[in-house]
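Here is a short briefing for a first look. Start with the structure itself, then read the points below beside it.

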Amino acid sequence: MAASSGGVGERRVVISGMGTVSAAGVGTAALWTAARDGISQVRPLVTEYPYDGRIRIAAQVPDFDPAKYLEKALLTFCDPFTQFTLVAAEEAVAQAGFAREELSGPRVGVIVGSGIGGMTTIDNGLRHYYQERIRPDPFSVPRLIPSAAPTTLGMRYAANGPTFSVGSACSSASQAVGLAAQMIRFGLMDRALVGGAEACIVNGTIRAWEGLRVMTPDFCRPFSTGRNGMTLGEGAAVFVLETLESAQKRGHAPLCELAGYGTSSDAKDFVRPDLDGMTGAMEAALADAGLAPEAIDYLNAHGTATHANDITEAAAIGRVFGERAGRLPVSSTKPVHGHALGASAGLELALTIRALQEQIAPPTINFLDFDPRCPIDAVPNVARGVEIRTAMSNSFAFGGINAVLIVRALAGGA
Amino acid sequence: MAEDPQEKAKLVEEIVEVIASEGMIDRTKVTPGATIESLGLKSVDIVMILTALEEKFNVYIPMDGALQDAKNVEGLIDAIAEYVLKEREKQ
């Protein structure tokens, strides 16, 4: 299926650079080290106002001083989710070897997913207005809209191409990356800044999450016995996409090829995952990449550590990979960086790419014992050297929107 | 469990009340052997039940863990009672 003739829908798309902000701090190196070495970045919860709920842990970006990275004039318009996006983009663009002006003009798009958008601005604005009876920030609206992240990013680089936010809860980042790849393939744009961002660890949101009872009060243990839910995270991941041809022409060695994207909707339940929906998205991604399941060497799972997700995801992996399902290394890195919602799939894609580069499957930490209801090889607790040429990253969202990405190594940069 | 049997019986009664009212099911149908499916309890009903229990007993009960292994009302009550009793010991 691979083709590089440049015909409609045949342009190959590569990831030329990536950047992240996460509970491990600023930069993908720190995130990868934490994931590979299995060092959880979940810490005691820190909130601006006293929190009266019961969940007192989260994977928050530590000691983040936006003024260190961004101009003061710009900061006025930036909710933390936009700040994370801009900082992650700096790393991605530098790695891609682009000068700012090379990402300007009508052929460059910006697509960033977010589950909520500017939640800190919303939370503060409502508190000021209803409780403290003071006026909200006059720039509340441009700060809180989910499209604030892509538009602010686009302004920074003067990118005039297709620019919008994608909202599909926990699969938002995968949708943004996948959509952008399709748009490049079909010639709607040539380069793109894409990814996901979320910053919603504020009182109102944590309390709302508590209400769903899917949060663990102690340890997130995907696929393990004794698992009792997820931990909230935050951050952003940004990727630079371009065609293989463009990267070759400018002598840049891409990180990998973005080989496949598949998405599906369960159209069934608000919170319960669905076997058919998950399976459909994984199969669609394989079909898009023109690959058989045997080609996948590592899978970064959605793996939230909720009872329902992990059993359903393991069953879906069983359906797609058949008897090989029990041997395929599958790990969830969420116990390390938390479930960063709209950013999560981006952080996990970044780790999937690092796994591909390093030939290491990062572990699923906090793993107690094999759960027969999750019959997969979850790479428990310790990283493993694995020959990885092609890898898959799953993300499944509340509301039933599933999105799966496949990345492939490029031999000698081609 | 070493708790007072009278206290346990009262607790069970209170939990049954909550299951019946929040799950919107006839109180008489909430028998120990009744399965969760037979009562038509969906995940959203369980969320409502756990929310009401939190307000009543001041205890956080995750959806996952022991609760998911419960097959019938008795299992559900045991799982919930364990959380409540643990919380009481802490107080």
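**Where the chains meet**

In this predicted model, 15 residues of chain A are in contact with eleven residues of chain B. Two residues are in contact if their C-beta atoms, placed from the backbone, lie within 7 Å. On the chain A side, the touching residues comprise five nonpolar, six polar and four charged. Here Ala, Val, Leu, Ile, Met, Phe, Trp, Tyr, Cys and Pro count as nonpolar, Asp, Glu, Lys and Arg as charged, and the others, Gly among them, as polar.

**How to read the model**

- Residues are numbered from 1 along each chain as its sequence is written, while chains are lettered from A and ligands numbered from 1 in the order in which they are written.
- Because the model is predicted, local features need pLDDT of at least 70 and side-chain atom pairs count only at pLDDT 80 or more, whereas totals for chains, interfaces and linings use all residues.

**Chain A overall**

- Chain A has 13 helices and 15 strands.
- Helices (H or I, at least four residues) and strands (E, at least two) are DSSP runs, numbered from the N terminus.
- Along the principal axes, the C-alpha atoms of chain A fill a box of roughly 60 × 50 × 40 Å.
- Of the 414 residues in chain A, 60% are buried.
- A residue is buried if 20 or more other C-beta atoms lie within 10 Å of its own, exposed if 12 or fewer, and partly exposed in between; C-beta atoms are placed from the backbone.
- Take the contacts in chain A between residues at least 6 apart in sequence: 80% join residues at least 24 apart.

**Chain B overall**

- Chain B has four helices and zero strands.
- Its pattern along the sequence is α-α-α-α.
- Chain B has a radius of gyration of 12 Å, close to the 12 Å from the globule rule for 91 residues, so it is as compact as a globular protein of that length.
- The C-alpha trace of chain B spans about 35 × 25 × 20 Å along its principal axes.
- Buried residues account for 23% of the 91 residues of chain B.
- Among contacts in chain B between residues at least 6 apart in sequence, 60% join residues at least 24 apart.

**Helix H13 of chain A and its partners**

- Helix H1 (residues 28-37) of chain A packs with helix H13 (residues 344-358) of chain A at an angle of about 75 degrees, their axes 10 Å apart.
- Axes are lines fitted to C-alpha atoms, for helices over the stretch in contact, and angles run from 0 to 180 degrees between N-to-C directions.
- H1(A) is therefore roughly perpendicular to H13(A).
- Angles under 35 degrees count as roughly parallel, over 145 as roughly antiparallel, 65 to 115 as roughly perpendicular and the rest as oblique.
- From H1(A), A:Thr28, A:Leu31, A:Trp32 and A:Ala35 meet A:Leu347, A:Ala350, A:Leu351 and A:Arg354 of H13(A).
- By class, this H1(A) and H13(A) contact has six nonpolar, one polar and one charged residues.
- Helix H7 (residues 172-185) of chain A crosses H13(A) at roughly 65 degrees, and the axes come within 5 Å.
- H7(A) and H13(A) are therefore roughly perpendicular to each other.
- A:Ser172, A:Ala173, A:Ser174 and A:Val177 of H7(A) make the contact with A:Ser344, A:Ala345, A:Gly346 and A:Leu349 of H13(A).
- The contact of H7(A) with H13(A) has four nonpolar, four polar and no charged residues.

**Two buried residues**

- A:Leu349 lies in helix H13 of chain A.
- A:Leu349 counts as buried because it has 29 C-beta neighbours inside 10 Å.
- Beyond its neighbours within four places in sequence, A:Leu349 is in contact with A:Val177, A:Ala237, A:Ser393 and A:Leu405.
- A:Tyr157 is in helix H6 (residues 148-157) of chain A.
- A:Tyr157 is buried, with 21 other C-beta atoms within 10 Å.
- A:Tyr157 and A:Ser104 are 53 residues apart along the chain, and their C-alpha atoms are separated by 5.6 Å.

Technical notes:
The radius of gyration is taken over C-alpha atoms; the globule rule is 2.2 Å times the number of residues to the power 0.38.
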